[in-house]
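Please read the following briefing alongside the model, with attention to its pockets, its helix packing and its backbone geometry.

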Amino acid sequence: METPLVALCPDDPAYRLVTFTHHDGDCDGVLALLHTVTDKDRHAGDLTPHLMKRRDDGGWSITYRLREDHRASYQLYPFHGEAPGTTRPDWLRVLDQARPDPYDTEPRLPARDGRHPASVLSLPAAPTQPYVARREGVPRGRTLAHTVAGRRVDVHLPAGHRADCGPYPVAVLLDGEMWGEVLSVGDTLDNLTADRAIPPTVTLLVHTMGPERPDDLSCNPAFIDLLADRLLPWAATEFGASGDPAATVIAGQSAGGLTAAYAAYRRPERFGNALSQSGSFWWPDETEFDAGSEWLTRRLAAEERRQARFWIEVGLQEWMLLAQNRHLRDVLTARGYDLAYREFNGGHDYACWRGGLADGLAHLLGSSEGMVSG
């Protein structure tokens with residue numbers, strides 16, 4: 001039987017009743033991990049709302065009432081004995097062992113660090129993601145591994161690339177090891193190029209998920225200067241990447257989203273376009289930094305307007321980020337920045353981000369006009 005089961009909500013047609021099932025009765029319980037939705041209750045210290053109920057046939061099920069545009073990755077965690085706790089060690093064990101729905105219908109979301117892939121729920125009104133899946137007949141680019149200034153950088157070159165045919169627009173993707181090695185973003189880039197949604201683009205996948213991540217992705221001027229003064233000139237020499245800030249995008253998610261916006265603030269003469277998804281604009285906590293929280297937003301409000309464009313998106317389920325992203329939206333709008341802003345009905349989730357990344361690149365490198373929504 002294909003799952004999840006989706007039915008119209010009888011009291012509101014804008015919602016769906018979504019039922020997840022587990023058919024193996026040889027366990028003491030099953031926890032449903034609906035990305036960010038379950039996490040919110042875990043942070044609150046109570047996973048009870050996400051424990052499946054035993055059915056008469058010995059299987060398990062749980063039903064959620066979700067708006068018709070919801071998208072989320074999800075997994076199931078059968079357990080023996082007591083239900084898992086909510087401490088960080090308990091939760092990490094759950095994440096290490098949770099598995100996809102064996103009866104799902106959509107392509108799964110790959111994972112890294114030895115974890116299992118996730119199933120993906122996309123309700124009927126969720127934003128389309130036309131560029132994500134690999135297509136037959138699309139000219140393929142190639143991805144090369146390099147080390148620049150001691151940093152691992154994978155370079156995706158568009159089909160037919162020749163360095164002497166540049167300059168090419170350039171996109172810098174933070175957390176490049178996730179986008180390249182796990183999520184195969186080269187397929188997305190090839191699809192975008194084939195559809196002429198973006199021009200042929202040199203894409204630099206910068207690895208930032210190692211031990212240096214907390215320092216690199218926290219409004220660190222040295223890291224941004226390294227990208228601006230070492231990485232981009234190298235890409236120009238080796239691959240014909242453009243030196244025009246208007247043809248340069250830096251993109252990131254979570255702390256990477258904060259860093260992308262910070263790059264446009266600190267070095268707008270190199271990074272003329274910032275693509276931020278679920279940016280951690282709360283940074284830093286007041287207890288960690290004398291200047292208080294939302295440091296970057298306050299700097300953008302107080303200082304001279306930069307020559308930079310922004311694509312900012314955030315999930316409606318992201319209770320820890322939504323207000324701060326809306327605050328940044330209001331500040332950028334008030335200061336007259338070229339801003340595209342949107343809110344998607346999902347969470348802190350690559351199942352949402354992979355579609356948003358494609359849309360953001362098309363907007364910033366293509367010919368779309370600005371928008372503000374949400």
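Angles between axes under 35 degrees count as roughly parallel, those over 145 as roughly antiparallel, those from 65 to 115 as roughly perpendicular, and the rest as oblique. The structure is a predicted model, in which local features need pLDDT of at least 70 and side-chain atom pairs count only at pLDDT 80 or more, while totals for chains, interfaces and linings use all residues. Residues are numbered from 1 along each chain as its sequence is written, and side-chain values use heavy atoms, with hydrogens and water left out. Helices (H or I, at least four residues) and strands (E, at least two) are DSSP runs, numbered from the N terminus.

**Packing of helices 6 and 7**

- The axes of helix 6 (residues 221-239) and helix 7 come within 10 Å and cross at roughly 75 degrees, where axes are lines fitted to C-alpha atoms, for helices over the stretch in contact, and angles run from 0 to 180 degrees between N-to-C directions.
- Helix 6 and helix 7 are therefore roughly perpendicular to each other.
- On the side of helix 6, P221, F223, I224 and D225 make the contact, and they meet T259, Y262, A263 and R266 of helix 7, contact being defined as heavy atoms within 4.5 Å.
- The contact of helix 6 with helix 7 comprises 5 nonpolar, 1 polar and 2 charged residues, on a scheme in which Ala, Val, Leu, Ile, Met, Phe, Trp, Tyr, Cys and Pro count as nonpolar, Asp, Glu, Lys and Arg as charged, and the others, Gly among them, as polar.

**Pockets**

- A pocket is found on a 1 Å grid over the protein atoms alone, as an open set of points where a 1.4 Å probe fits, with protein on both sides within 12 Å along at least five of seven lines, and its lining residues have an atom within 4 Å of a point.
- The largest pocket holds about 1800 Å³ of space, and of the 46 residues that line it, H35, D39, L95, R115 and H348 are the closest to its centre; the volume is the space filled by probe spheres set on the grid points, which are joined across faces, edges and corners.
- At least two lining residues of the largest pocket come from each of strand 3 (29-34), helix 1 (37-43), strand 6 (71-79), helix 2 (88-97), helix 5 (213-216), helix 7 (255-266) and helix 10 (350-365).
- The lining of the largest pocket divides by class into 23 nonpolar, 12 polar and 11 charged residues.
- For the second largest pocket the volume is about 340 Å³, and P107, Q129, V132, A133 and R354 are the closest to its centre among the 19 residues of its lining.
- The lining of the second largest pocket has 9 nonpolar, 4 polar and 6 charged residues.

**Burial and local surroundings**

- Helix 4 (residues 185-194) is largely enclosed by the rest of the structure, because 8 of its 10 residues are buried, a term for under 20% relative accessible area, with exposed meaning over 50% and partly exposed in between (1.4 Å probe, protein chains only).
- The buried residues of helix 4 are V185, G186, D187, T188, L189, D190, N191 and L192, and their cover includes strand 9, strand 10, helix 3 (176-182), strand 11 (202-206) and helix 10.
- H70, in the loop between strand 5 (60-67) and strand 6, counts as buried at 2% relative accessibility, and it touches V37, L121, S122, L123, A126, Q317 and N345, not counting residues up to four places away in sequence.
- R112, in the loop between helix 2 and strand 7 (119-122), is partly exposed with a relative accessible area of 26%, and, again not counting residues up to four places away in sequence, it touches E177, M178, V182 and M209.

**Backbone geometry**

- Most residues other than glycine have a negative phi, and most peptide bonds are trans.
- A cis peptide bond with omega of about 5 degrees joins G166 and P167, and P167 lies in the loop between strand 9 (151-157) and strand 10 (170-174).
- Another cis peptide bond joins W283 and P284, with omega of about -10 degrees, and P284 is in the loop between strand 13 (273-277) and helix 8 (295-302).
- S278, in the loop between strand 13 and helix 8, has a positive phi near 55 degrees and counts as buried at 0% relative accessibility.
- E294, in the loop between strand 13 and helix 8, has a positive phi of about 50 degrees although it is not a glycine, and at 17% relative accessibility E294 counts as buried.
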